[in-house]
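Here is a short briefing on one structure. Look it over first, then read the points below.

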Amino acid sequence: MSKPYPMSNTDKHIAFLLGSGFSVPAGLPTAKMLWGKIKDCYYSQLKYEFESKSVMEKSVTDWWLFPFWKVLKSYQNENAINYEDFYDRLLSEKEETVCTACIQKFVSDNVNKYRGGNSLSLTDSLISGWSYELVKNYKEIVESCIDTYQNIICNSLSGVKIDDYDIFVSIINKLCSCGNQIDIFTLNHDLLVERLLQTWGIKFNDGFDHDNPKAIGKHAFYDADINSYNNGNVNLYKLHGSIDLYTYLNNDNNGYHYAKVINGDCFMMTNETIFDLHPYFLTGTTAKVEEYKHSEYIQQLLSIFGNKLKKADELIAIGYSGNDGGINDIIYESYDNWDNAVIITPDANNHLFVKDKQAKPINKGIESLSLNDLDIH
């Protein structure tokens with residue numbers, strides 16, 4: 001085990017890494033809870049649409065739900081599904097070469113058990129017609145399911161309460177007042193960190209790096225915001241995107257830019273065009289890794305993450321499980337001061353960074369953290 005952790009309060013470069021456990025006290029869902037919300041939004045309707053005799057008799061099934069139902073039926077136990085894995089499978093449906101015979105068989109299998117011989121008015125030709133429409137429009141139908149899926153995630157992560165975070169903000173406030181440089185890296189899509197800092201009146205830079213001001217975020221192409229970024233000492237980086245991050249194009253012909261706004265409509269300016277009205281955030285297991293490799297935006301963020309860690313005197317990880325291999329690779333490659341690293345999570349003794357690098361464990365959730373835990377006075 002490492003020596004007691006000395007938290008210096010002057011002119012240090014301190015990096016925070018926040019995982020999903022950081023947001024749980026704010027009432028935001030864990031991965032398991034989030035899957036429950038997604039399933040609740042869909043499942044009762046799906047059961048009704050696909051397994052209800054009255055609906056089948058009327059032939060009014062909402063076939064836009066078909067891809068979701070098809071993926072859900074591929075699991076043995078829907079209660080144990082990882083929502084990111086489900087997202088990956090749903091996303092892969094967009095790339096599938098749709099097999100007419102397979103879709104027709106799936107539709108028939110779901111419908112025929114309710115036909116009861118001649119008791120229902122569903123004919124083979126009607127089932128074939130449904131199958132044909134599904135095959136013809138399948139990619140668009142999958143896209144509709146994915147959009148709804150993302151909307152459920154956004155809605156689940158939008159409402160936050162900021163009780164239980166006074167100590168965390170006190171730590172940031174104290175470190176700032178002593179002249180330390182603070183970089184907060186979060187893997188969460190929610191808006192909790194922003195709300196906390198704003199509520200306490202702590203100035204922070206929200207978005208990207210001042211070396212690329214067009215991509216900083218919220219109206220950062222204005223000189224005042226760029227200057228504020230350069231002069232600030234608290235920077236927030238959202239490594240997996242955010243529920244208020246949108247892509248847009250403008251007339252400079254330099255490709256996509258990113259802006260943090262309440263929603264896409266708020267960013268309709270004279271020389272910008274919203275490219276995607278759905279926010280940009282990473283989810284999925286393999287899909288997330290692919291974004292690490294192929295998204296220029298994420299690659300630049302991860303590069304900033306690595307460069308900042310190389311300069312960091314101290315690393316404080318809160319609520320991070322250690323299960324993201326891509327993030328861990330960057331940390332192991334970039335950060336060397338493991339005697340000055342702290343892992344804050346209820347099961348910190350078993351954390352990868354404690355076992356591999358002898359980081360100091362603090363076996364607490366963020367809501368029970370104290371200033372004394374980090375030796376801040």
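Which residue is the bridge partner of I344 in β10? The partner is I362. This is a predicted model: local features need pLDDT of at least 70, side-chain atom pairs count only at pLDDT 80 or more, and totals for chains, interfaces and linings use all residues. Residues are numbered from 1 along each chain as its sequence is written, and side-chain values use heavy atoms, with hydrogens and water left out.

**Sheet and helices**

- Seven strands build an open sheet with parallel pairing, in the order β3-β4-β2-β1-β8-β9-β10. Helices (H or I, at least four residues) and strands (E, at least two) are DSSP runs, numbered from the N terminus. Two strands pair if DSSP finds at least two bridges between them.
- β3 (205–206) and β10 (360–362) are the edge strands, each pairing on one side only.
- β9 (residues 341–344) pairs with β10 over three bridges, in the parallel sense.
- Helix α10 (residues 192–200) lies across β1, β2, β3 and β4 and runs at about 160 degrees to β4. Axes are lines fitted to C-alpha atoms, for helices over the stretch in contact (heavy atoms within 4.5 Å). Angles run from 0 to 180 degrees between N-to-C directions.

**Nonpolar cores**

- The largest nonpolar core has 63 residues, and F16, F68 and Y149 have the most contacts inside it. Such a core is a set of buried Ala, Val, Leu, Ile, Met, Phe, Trp, Tyr and Cys residues joined through side-chain atoms within 4.5 Å. Buried means under 20% relative accessible area, exposed over 50%, partly exposed in between (1.4 Å probe, protein chains only).
- Helix α8 (residues 138–158) gives the most to this core, with ten residues.
- Beyond its neighbours within four places in sequence, F68 contacts W35, I38, Y42, L46, F86, L90, C145 and Y149.
- A second, separate core has 33 residues, including I298 and V354.

**Salt bridges**

- The whole structure holds seven salt bridges. Each puts a side-chain nitrogen of Lys or Arg within 4 Å of a carboxyl oxygen of Asp or Glu.
- K70 and E93 meet at 3.3 Å, N to O. K70 lies in helix α4 and E93 in helix α5, so the pair ties together parts 23 residues apart in sequence. K70 is partly exposed at 29% relative accessibility, while E93 is buried at 9%.
- K238 and E194 meet at 2.9 Å, N to O. K238 is in strand β4 and E194 in helix α10, 44 residues apart. K238 is buried at 6% relative accessibility, and E194 is buried at 4%.
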